[in-house]
Amino acid sequence: MHIMELLGRCRVKIKDEQVVETTEPLIEWCPLFDKVRGIKRITSEAAARNAEFRMREHGMFTPRRKLEMKTFVSFGASETMMTGIARGLIEAAVTVCDGAGTVISDSPSLVQGMGGWISGLLETEPIPEVIEYIERKGGIVLSPKDARIDQLEGARIASQRYRRFAVTVTDAETAFKLRELEQETGCRILIVGVHLTGISRDDAERLLSTADIVTGCASKHIRELVRPLVQVGTAVPLFGLTRWGKELLVERAKDVEQPLLINTMPLPVLPEQKQPRPLV
């Protein structure tokens, strides 16, 4: 069984390459998926169709998983980590992949290939072909036997090989434990908060005090509380909270082919008509 939350945290269960269950979304409209997939209203049916699209076109949750891909958005978490590794600002990233669970990788293309189509992966099961490809590309699968997702344990393994690496997290508690791991090991961990739609105000506040980069998702609390050093995007923005996080996002901007406006102003900048609806 694979379980992933997508499109406003619709929880989609997939078994034997079939969507077997979906839940209702927390939001009705997302500017990102309206732009890239033409989804005007988010429903559980739309989430099921989107999961089926990802399986059909990208092999997600199947042995046919495509693990090399171009950028999905100009400024995304995986795109930023990909650029960070390529430029030497970080040495590796601890992320997740369907069919493999937690993965440690120092390959920019593999980090992007695994993460570009991932939303909120909650649970997955081993797919031997996916694991073999990741390992052939030099990635380390935390637990090949059960494809376990454990970002803290993945970071612990990464700390034995690298001194500067990124870790994606979805909650403040893991972020706090990663800062403790920094103290234990002497490594530097770039904490990237992802999949934050519906996060509580308390957890948002704690995560913002700990992370280096967070995504806005459809979180009203992140938008209300964030005081970033840099912001990229206005609809589903990424916020750089520390100098290191700012450095990575600015470095990522160098790879964006579209024209850019760089200016100083109070942040965040969140045009009302471009925000997901409703914010939760």
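Which residues does glutamine 112 touch, not counting residues up to four places away in sequence? Select glutamine 112 in this predicted model and display its surroundings: the residues it touches, with that sequence neighbourhood set aside, are Met69, Lys70, Thr71, Phe72, Ser78, Glu79 and Met82. Colouring helix α4, residues 108–115, shows the element in which glutamine 112 has its place. Glutamine 112 counts as buried because its relative accessible area is 0%, and buried here means under 20%.

Next, move to strand β9 by selecting residues 188–193, a strand that is mostly covered, with five of its six residues buried.

If you then show helix α7, residues 172–185, you have the remaining piece of a right-handed β-α-β unit made by β8, α7 and β9.

For the other pairing, keep β9 on screen and select strand β10, residues 213–215, which also runs parallel to β9 and is joined to it by two bridges. Here the pair to pick is valine 192 and isoleucine 213, the latter lying in β10 opposite the former. Finish by showing helix α8, residues 201–208, which together with β9 and β10 makes a right-handed β-α-β unit.

Conventions: Residues numbered from 1 in each chain as written. Predicted model: local features only at pLDDT ≥ 70, side-chain atom pairs only at ≥ 80, totals over all residues. Heavy atoms only, no water. Helix = DSSP H or I, 4+ residues; strand = E, 2+ residues; numbered from the N terminus. Buried < 20%, exposed > 50% of the residue type's maximum accessible area, 1.4 Å probe, protein only. Contact = heavy atoms within 4.5 Å. Right-handed = clockwise from strand over helix to strand, strands pointing away. Pairing = 2+ DSSP bridges.
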